[in-house]
Structures are given as structure tokens and as C-alpha cells.
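Subject: Structure handover

Hi,

Here is the structure I promised to pass on.

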Amino acid sequence: VVFAVVYIFMSICTLAAVPAFNSPDEYSHYLRSYEVSRGYLTSEGNGGNDLFSYGRTFNSGLVPEFSAKDHVSLWDIGENADQRIDREKTQFYGFGNTALYAPTSYLPQAVGIRIADLFTNRPMVLAYAGRIANMLMFGLFFFFAILLFSIFPGHESPSWLATGQELSASCGRCSETEQLKHRELKAGAPAPTRNDLVRRAGTDS
């Protein structure tokens with residue numbers, strides 16, 4: 001409960017502090033998310049040779065007019081909240097910098113955008129629906145990570161991960177004596193002789 005309250009509070013603060021389309025490339029990420037939400041796994045070209053010749057044709061008005069500004073404020077969001085998508089016209093949107101990204105990385109945003117698209121034709125609502133869906137997905141990841149640590153409190157990271165004295169892949173299935181020799185070499189100790197290894201093996205048994 002505490003985690004949920006804190007996470008939701010921090011998410012709201014983030015949404016307010018960083019308005020939609022104020023982050024670098026959010027324009028392109030939003031369009032790629034919308035493309036995936038419509039069932040397109042790959043983008044298309046319009047015959048040009050530049051980066052933004054790759055994207056897809058959608059209805060006009062899909063992107064808010066202020067998205068080209070260097071700095072977007074909450075005032076811009078409020079003033080353009082009522083902008084609508086024109087279902088009668090289409091245009092090509094170029095987002096070649098995100099067109100090649102795997103569609104799986106946009107699934108949370110795509111789900112949120114698709115659900116919102118069923119009820120509204122306002123691009124600002126679609127953009128924030130994608131943002132909120134993404135935050136909810138990351139919140140679930142964090143929650144289950146914390147839950148796993150609480151269920152298995154005694155589990156620790158492997159000693160080699162903590163000390164940095166990992167065994168090489170080639171020694172993954174070595175004998176115990178070979179692994180002992182490898183550890184001592186990693187620690188900077190003189191390489192044990194065969195008699196030393198035999199003597200230690202006899203002592204351990």
C-alpha cells in the first residue's frame with residue numbers, strides 16, 4: 001500500500017513536471033506507439049531519402065500543434081486540450097528515428113493509446129493515456145521485484161558477483177581443485193602446485 005501511494009504520487013509529479021511532448025523525441029515515440037496500437041509492427045516509407053521519410057499515414061491532427069516548440073508548458077497542454085483528430089483527412093507522419101524500434105518495447109503505451117482511442121479523438125488524451133499505461137507497467141515491475149525480495153529474504157547475490165572474482169566460462173564445469181586454483185590466481189596468490197592441491201583435497205575430505 002505504501003509503495004502504491006508513493007509511486008502514484010511520484011508519477012503524478014513527473015507528469016506535471018514534464019508535460020507531454022516536452023521530452024526529446026517524444027513526438028516520434030508517441031507516433032510509433034500509435035502505429036503499434038493500430039496493429040502495424042513495421043513502418044513504411046514515402047519515397048524520400050531522409051530520416052523522416054519513414055513513418056506512416058494517419059488522420060490529420062494526430063499530433064498537437066504545439067509539439068514542435070522547444071519548451072512545452074502546462075499552459076500549452078491546457079490551451080490545446082480540446083484539439084481533435086480530423087477523421088476526414090490524412091497526412092504522412094515521419095518518425096524514422098523510432099520506426100525501427102521493436103514493437104514490443106511500445107506495448108504498454110500502445111495498449112493505453114488504443115483504449116483511449118476507442119472513446120476520444122483528442123490527441124492530448126491519447127498521449128497521456130500512453131504515458132499513464134507506461135508508468136503503470138513500470139510500477140508493476142517494481143512491485144513484483146519488491147515482492148520477490150520480501151518472499152525470499154534470505155536469497156543473496158552469488159559471492160562471485162559481490163567480490164568480482166567470477167569464474168571464467170571455461171571453468172563453469174571444472175573440478176573443485178581446478179576452481180580452487182583459479183580463485184587463487186584471481187586473488188593474486190602464487191599458483192598452487194599439484195602436491196598442494198592433493199594435500200588440500202585430502203585435508204578437506
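Below are my notes on salt bridges and pockets.

Before you start: this is a predicted model, where local features need pLDDT of at least 70 and side-chain atom pairs count only at pLDDT 80 or more, while totals for chains, interfaces and linings use all residues. Residues are numbered from 1 along each chain as its sequence is written, and side-chain values use heavy atoms, with hydrogens and water left out.

Salt bridges

Side chains of opposite charge can pair when their charged atoms come close. I count a salt bridge when a side-chain nitrogen of Lys or Arg is within 4 Å of a carboxyl oxygen of Asp or Glu. The structure has nine of them.

Take Arg122 and Asp82, whose closest N and O atoms are 3.1 Å apart. Arg122 is in the loop between α5 (107–117) and α6 (123–151), and Asp82 is in the loop between α3 (74–79) and β3 (86–94), so this pair ties together parts that are 40 residues apart in sequence. (Helices are DSSP runs of H or I with at least four residues, strands are runs of E with at least two, and both are numbered from the N terminus.)

Asp117 bridges to Arg87 at 3.3 Å, N to O. Since Asp117 sits in helix α5 and Arg87 in strand β3, the pair ties together parts 30 residues apart in sequence. Asp117 also meets Arg114 in a salt bridge, at 3.6 Å; these two both lie in α5, three residues apart, about one turn of the helix. Asp117 is buried, with a relative accessible area of 10%, whereas Arg87 is partly exposed at 38%. (Buried is under 20%, exposed is over 50% and partly exposed is in between, using a 1.4 Å probe and protein chains only.)

Finally, Arg32, Glu35, Glu44 and Arg56 are linked in a salt-bridge network.

Pockets

A pocket here is an open set of points on a 1 Å grid over the protein atoms alone, where a 1.4 Å probe fits, with protein on both sides within 12 Å along at least five of seven lines; lining residues have an atom within 4 Å of a point.

The largest pocket has 16 lining residues, and those closest to its centre are Glu26, His29, Gln109, Arg131 and Asn134. Helix α6 gives the most to this lining, with five residues.

The second largest pocket is lined by 13 residues, with Tyr7, Ile8, Ser11, Met135 and Leu136 nearest its centre. Here α1 gives the most, with seven residues.

Cheers
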